[in-house]
Amino acid sequence: MAQIQALALNMFEQGFLFAFLGLGVLITFRFFRFPDLTAEGSYPLGGAVVAALLVKGVDPFAATLAAMLAGSVAGVITALIHTKLRINNIIAGIIVMTALYTVNLRVMEKANTPLLDTPTVFGDVVAALNGLGLDLPDNRLTTIPIAFVMLAAASVTLVWFFRTDLGLAVRATGQNEAMILSLGVDIDKTKMVGLALSNGFIALSGALVAQNHGFADIGMGIGILVAGAAAVLIGEAIFGDRTVGWWVFAAIVGIVIYQLLVAAALRVGLSANDLKLITAVLLLSALAIPRFRVRIFR
Amino acid sequence: MSALALRAVTKFFFRGTPNEVRALDRVDLEVAEGDFVAVIGSNGAGKSTLIKAVAGLAVPDEGKIVFEGRDITREPVYRRAAAIGRIAQDPGESTCAILTIEENLALAEKRGRRRGLGRGVTEAGRARYRAALAPIGLGLEGRLGTRIGTLSGGQRQTLALLMATISGSRLLLLDEHLANLDPKTAEIVMALTGRLVAEQRLTTLMITHNMQDAIRWGNRLLMMHAGRIIFDAAGAAKAALTVPALVAKFHEASQGNLTEDRVLLTP
């Protein structure tokens, strides 16, 4: 019983923190229909920026926001390489991902930055609530609701955005460039907006995970795009292709399930070294299963 | 002032290779405001390239394109699209399959205007879309939330037509917009085209393979062959045209190579 409880708590804690990654990957992988490898660099960039700033004593909220902005800048660079230099979007992502490896090392000045003694957004929120007379511990029981509230806010913002004039244009850009161009939309700009939004969310995920795990590591982004894509596809396999709201919800559910599967795999004796193989198998399954039209709710 | 002018426009494909094609060969054309021009010609005559050059999808190698007195030869597609609506042959190209009818119309309504963080589909917008869709008689006014991808080709071209004209375009480019439709649907969409063009007094270029349509609709007819305009009839001369007369013109132009040209003509 205690084991199941620990598994469930771990699932929600890690799931909600990784869910921002899912939202980011959803934008590029599903709405723009290409796997944006910038994620492999912007995720650790988020961790690196937040770690470097926290160590310097910057306020956790400001540091997390800066990490998110850094991710957006990375996305803008990928978009510029793709649109202005007319380089294939996947190649553009690979170029930025590769460059970010060095950038991340420079930002952190080392391969791993521990954050055990620095404040975090979670700790600060708990402290603020306790200042109002509550008596909350700073552990996963408080991290889960804090992460949930942040995630809900992010999801609502994203759904709202994709229903605005600009958001609709961004979505249409990923689906039918010829059409949206002939409606007078500068697709270079909408691509930039989409990639900035996507990588901002992905970097935010990296920044939150780093604070939660107590360190930022240069290798934390390896395989992250595959994990995000697997999660998005798991959600899609369950809920199918519906409105933007459902897509966002499905991506979050997908990430949480992905975390559960990973945790379960570790419980049954697989080691952390096996995780990438598990992730690859999960992605493959999520791609293959819908072809057999297995839909749980539909 | 002419609404649209092409001055010695030349467009090559595969330039400098053994496969070089001169898709447009020093084309000169003046289209007056409100002209409805039907364009016919065999495959490879340059009709589509003509429309693509005006839309900005094919940048001419030589010559100038002037729209409402403004040189648009090298203007990006999205900028000139503010006043130019275009419908392609494939319904998949002119509408966005995964978005709903109302979302597509909302995107089209903002043609050429700044797209900010205002709500895309508004209640007022829905009322406008319903009012625009109801007279068409396809029942689409009751299905605003339906994804366009689930509709038939005819329904999609109908919506494409509405999207091209909903926001004050002044030039309408129709690139065989009826080609993928069955004859009955094509007739309905053509009638709607005629009505919208007349109501909004749109300057229109319409490519068609249907000679009857070309004769029946519009006030001017162009025939293209090998990248050039070889026949241009307007007003009374156009009204007097018959299908046999046009077929004879084709024969004359292609100098007996009609079989090679694979002319797809519906008399």
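How many bridges join β9(B) to strand β10 (residues 228-234) of chain B? There are 6, and the two strands run antiparallel. The model is predicted, so to speak of local features takes a pLDDT of at least 70, side-chain atom pairs count only at pLDDT 80 or more, and totals for chains, interfaces and linings use all residues. Residues are numbered from 1 along each chain as its sequence is written, with chains lettered from A and ligands numbered from 1 in the order in which they are written. Strands here are DSSP runs of E with at least two residues, helices are runs of H or I with at least four, and both are numbered from the N terminus. Strands pair if DSSP finds at least two bridges between them.

Of the 6 residues of β9(B) (residues 220-225), 5 are buried, so the strand is largely enclosed by the rest of the structure. Buried takes 20 or more other C-beta atoms within 10 Å of the residue's own, exposed 12 or fewer, and partly exposed lies in between, with C-beta atoms placed from the backbone.

Turning to the contact between the chains, chain A puts in 20 residues and chain B 26, contact being C-beta atoms, placed from the backbone, within 7 Å. On the chain A side, α7(A) gives the most, with 8 residues.

Terms used: Two residues are in contact if their C-beta atoms, placed from the backbone, lie within 7 Å.
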